[in-house]
Amino acid sequence: MSLTATPVSLPSPLDASYDDLVTRLVKHGYQPGPVLTETGLPAHARRQLFFLLGYLAKADGRVTEKDIGYAESLIRALTLTPGQRKRAIKRFQQGKQCSQLSRWQAWRLRLNWRWRPEAVMVIALCLCHGAQLQGLPSKQRRHRCEDAVDALGLDAGLVAEVLESYSNQGGQQNAERFPPPQTYQDACRILGVGRRDSLTLIKQTYRKQVSRCHPDKLARDLPPRELAYAKERLLRYQQAWEVVQRYHRHQAEQK
């Protein structure tokens with residue numbers, strides 16, 4: 001499937017806008033920041049964007065540095081003034097505190113489709129990119145992204161279309177295929193921990209990483225390519241954990 005093809009049914013004036021935006025997205029290496037710089041967003045759309053990014057970031061219970069860094073990168077792409085930046089951060093914080101979206105939260109944006117049809121699509125694409133910051137999104141993160149896209153008045157199936165295209169085209173941030181870890185440092189990098197972290201903390205992180213990509217934890221309608229990617233990640237985490245265990249057993253034997 002190509003991202004340049006119009007996905008699930010979109011409201012009519014959004015079809016042409018979608019095609020234009022995804023062409024820009026591919027041109028910029030699947031990075032939404034340059035697209036945002038080129039298109040811009042009206043003030044009310046910025047408020048929606050950062051609120052929904054905050055809502056998405058809290059999907060797994062903890063907002064990560066990548067989520068914060070991504071929001072900051074979009075603030076820079078929009079060249080916001082200090083006052084506008086402060087308001088964007090406030091909306092992000094408000095989104096973090098939201099546990100469930102309602103359709104009225106996006107009503108104003110939907111009313112502006114006629115005049116700025118690209119705004120709603122820009123937000124949707126930014127959300128889809130944010131969903132896969134950690135690689136294959138967890139079930140909770142994917143569901144929150146779908147909820148946000150639905151709140152914008154779009155078909156939630158758009159999320160599956162875009163995420164599959166990211167996977168197909170190598171757009172996912174963490175989709176690099178690493179060989180099996182050969183050293184303790186390699187294993188720690190794969191698991192996302194530091195070399196000096198305790199074994200207890202590494203084990204907790206390993207279990208969390210596995211829970212994010214275990215087939216039993218993923219959506220049942222996950223596209224085959226995304227499922228294969230999840231299995232690949234699961235294997236990589238298991239290999240890294242084996243290296244960590246061997247290293248700590250060796251350290252214990254040396255004492």
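Which residues line the second largest pocket?

Reply: The second largest pocket is lined by Ala-43, Arg-46, Arg-47, Phe-50, Leu-80, Gln-84, Arg-87, Ala-88, Lys-90 and Arg-91. A pocket here is an open set of points, on a 1 Å grid over the protein atoms alone, where a 1.4 Å probe fits and with protein on both sides within 12 Å along at least five of seven lines; lining residues have an atom within 4 Å of a point. The volume of the second largest pocket is about 190 Å³, taken as the space filled by probe spheres set on the points, which are joined across faces, edges and corners.

The structure is a predicted model, in which local features need pLDDT of at least 70 and side-chain atom pairs count only at pLDDT 80 or more, while totals for chains, interfaces and linings use all residues. Residues are numbered from 1 along each chain as its sequence is written, and side-chain values use heavy atoms, without hydrogens or water.

Two helices, α3 (43-57) and α5, each supply at least two residues of the lining of this pocket. The greatest contribution comes from α5, with five residues. Helices (H or I, at least four residues) and strands (E, at least two) are DSSP runs, numbered from the N terminus. The chain as a whole has 12 helices and zero strands.

α3 has 15 residues and reaches 21 Å from its first C-alpha to its last, close to the 21 Å expected at 1.5 Å a residue; the expected span is 1.5 Å times one less than the number of residues. Of the 15 residues of α3, 13 are buried, so α3 is largely enclosed by the rest of the structure. Buried means under 20% relative accessible area, exposed over 50%, and partly exposed in between (1.4 Å probe, protein chains only). Across the 255 residues of the chain, buried ones make up 47%.

The other main contributor, α5, covers residues 82-96 and has the highest mean pLDDT among the elements of the chain, 96. This score is the predictor's confidence in each residue, from 0 to 100. The chain has a mean pLDDT of 82, and 82% of its residues reach 70 or more.

The C-alpha atoms of Gln-94 and Leu-52 are 9.1 Å apart, although 42 residues separate them along the chain. For the chain in general, 75% of the contacts between residues at least 6 apart in sequence join residues at least 24 apart, a contact meaning heavy atoms within 4.5 Å.

Thr-79 lies in the loop between α4 (65-77) and α5. Thr-79 is exposed, with a relative accessible area of 64%, and has a positive phi of about 45° although it is not a glycine. Most residues other than glycine have a negative phi.

One further region deserves a note on confidence. Over residues 171-178 the pLDDT stays under 50, and for this stretch the model has 26 contacts beyond four places in sequence.
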